[in-house]
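Q: Could we go through this structure together? I would like to start with charged pairs and then move to other topics.

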Amino acid sequence: MPKRVLVIGAGFAGLAAATSLADKGYDVTILEKNDMSGGRARVFKAEGFTFDMGPSWYWMPDVFETYFARFGKKPADYYNLVRLDPSYTVVFSSSEAVHLPAGLDKLETLFDQLEPGSGPKLREFLKQAAYKYEVGMNKFVWKPSRSVSEFISVKLLFDVARLDVFKSFASHARKFFTHPRLLEIIEFPVLFLGATPANTPAMYSLMNYAEMALGTWYPMGGMHEIVKAMVSLAEEKGVKILLNQTVQKIDVLKNKAQRVVTTDGIFEADAVVAGADYNHVETSLVAPEYRNYDDAYWNTRVMAPSSLLFYLGINKRVPKLQHHTLFFDEDFKLHAQEIYETPRWPSKPLFYVSAPSKTDPGVAPEGHENLFLLIPVAPDLTDDDKTREYYFDMIMSRLEAYVGENIRSHIVFKRSYAHSDFKQDYNAFRGNAYGLANTLRQTALLKPSLKNKRVNNLFYTGQLTVPGPGVPPSLISGLVVADEVAKEIT
Ligand SMILES: Cc1cc2nc3c(=O)[nH]c(=O)nc-3n(C[C@H](O)[C@H](O)[C@H](O)COP(=O)(O)OP(=O)(O)OC[C@H]3O[C@@H](n4cnc5c(N)ncnc54)[C@H](O)[C@@H]3O)c2cc1C
């Protein structure tokens, strides 16, 4: 009889872990609390619009290739990718915007225009970043990080030295560029990692390589197409996905997870992989004596920002908007301080607008625009309707000033989403959107472990354990944990 593995949560990590384990011959069932797979990358439809609920940037296409190749497939078997050009637009004021072109030659020209001589510097910066990407994404992120011994080899130590692990991204960037606009452009991708450039290791210039050299892509139909592809592959491998199954308890006997109790039934297990929010699993699903980390540990973790989101349907086209637009028209330092140092609702936040209907006519009715607005905010804030509306008005005024036309009176659908929704929908610790920040002290061995120390057959996966937040790392996390399960549960 094949061993039975229960996977909690059908996010990217849970789906990847389940598919890999089924492929290895395990009998795998996913228990998911919501009525749809995808976790933070769910989708909803309203008034003829299709809204991706979370991720909107498709970066690191090679990771998706690697994922599907494991099972003899490729992304193109499931969805059509298009490369965006411009990759994105940065708005510095209502009258100043920079469009980042796809392709290195065009990027170098743009850099030279803003800061003479910076084109060749960009080439050198990206050459170093390419090495970091190669080592970081092909070696480090695939390590389960359960023991220091994984990192002890002369070659790896040499790599660590060249990776700039102990330098800050901010100071590294300033060795190449001085123009404030270029610095903002270069520092933008590390904001995905959930910490300020000053607190992010310079190794993460690999993100610039990902964005500038490998490109910004979009799966036609929307980001949820990736989830649909993964679900289809999982089911092809024999994974059973049970929706509307909120896990309430993991029963442990003699240091083994024996059963998982949901709102709907009891499931026997030979191993459990928890892809739900790590803190939720520890504090709500296992008895206190089996927790890996106490409250003091969790209370000192640096979380990546949460988000205040708006999904809008607009009954006209907005010509000036591109697919991705970043509003860097206010002081980032103040916003960062209000996220990380003195957490509170920000005074004048930066924000981001995605308009997938610019690329994909299928996500909005004809002649309409589908908009997704995101304000990064500190975790654990109270997000009542009044607060949400206050920020909605603030960013709509800035958006309208930039596009030069009224948008508010053309809204035919509007929904907001913030901390309390993240908690309710995903049991998200402190209402986090993207998990733990990728600071040096929260990297690799210093992240919450993917194995329970007291329960021999309980594993963790997802954005709060290795390698970290983001769609590609979550996929990798699922594959890495599946390999660990296969080593131990035979
Ligand atoms: C607004 C937003 C924008 C983002 N933008 C990007 C982007 O552009 N590009 C990018 O790469 N990444 C982006 N990310 C990050 C990325 O979406 C996440 O890192 C990734 O989706 C996390 O996947 P996961 O499987 O770890 O977790 P989740 O997606 O949270 O999956 C966990 C699953 O567990 C389920 N669950 C929780 N508790 C229980 C329980 N008790 N019982 C059963 N099931 C349970 C949840 O319902 C959920 O389905 C974004 C995230 C957000 C929120």
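**Salt bridges, a pocket and a surface patch**

A: The side chains of arginine 408 and glutamate 400 meet in a salt bridge, with N to O at 2.7 Å. Please note that this is a predicted model.

Q: Is glutamate 400 buried or exposed?

A: Glutamate 400 is buried, because its relative accessible area is 13% and the cut-off for buried is under 20%. Arginine 408 counts as partly exposed, at 29% relative accessibility.

Q: Which residues do salt bridges with shared partners join into one network?

A: That network consists of Arg146, Lys451, Glu484, Lys487 and Glu488.

Q: And how many salt bridges does the count come to?

A: The count comes to 35 salt bridges. One of them pairs aspartate 23 with lysine 237, with the closest N and O atoms 3.2 Å apart. This pair links distant parts of the chain, 214 residues apart: aspartate 23 is in helix H1, and lysine 237 is in the loop between helix H9 and strand S9.

Q: Changing topic: what is the volume of the second largest pocket?

A: Its volume is about 440 Å³. Of the 20 lining residues, Arg174, Glu187, Pro197, Phe332 and Lys333 are the closest to the centre.

Q: Which helix gives the largest share of that lining?

A: H12 does, with 5 residues. By class, the lining has 11 nonpolar, 3 polar and 6 charged residues.

Q: Lastly, which residues form the nonpolar patch on the surface?

A: Val148, Ile152, Leu445 and Leu446 form it, with about 370 Å² of accessible area together. Isoleucine 152 lies in the loop between helix H4 and helix H5 and counts as exposed, at 59% relative accessibility.

Methods. Residues are numbered from 1 along each chain as its sequence is written. This is a predicted model: local features need pLDDT of at least 70, side-chain atom pairs count only at pLDDT 80 or more; totals for chains, interfaces and linings use all residues. Side-chain values use heavy atoms; hydrogens and water are left out. Patches are made of residues with over 30% relative accessible area and no salt bridge: like charges are joined within 9 Å, nonpolar side chains (Val, Leu, Ile, Met, Phe, Trp, Tyr) within 5 Å. Accessible areas come from the Shrake-Rupley method with a 1.4 Å probe; for residues, only the protein chains shown count as cover. A salt bridge is a side-chain nitrogen of Lys or Arg within 4 Å of a carboxyl oxygen of Asp or Glu. Helices (H or I, at least four residues) and strands (E, at least two) are DSSP runs, numbered from the N terminus. Buried means under 20% relative accessible area, exposed over 50%, partly exposed in between (1.4 Å probe, protein chains only). On a 1 Å grid over the protein atoms alone, a cavity is a set of points where a 1.4 Å probe fits but cannot get out, and a pocket is an open set with protein on both sides within 12 Å along at least five of seven lines; lining residues have an atom within 4 Å of a point. Grid points are joined across faces, edges and corners, and a volume is the space filled by probe spheres set on the points. Ala, Val, Leu, Ile, Met, Phe, Trp, Tyr, Cys and Pro count as nonpolar, Asp, Glu, Lys and Arg as charged, and the others, Gly among them, as polar.
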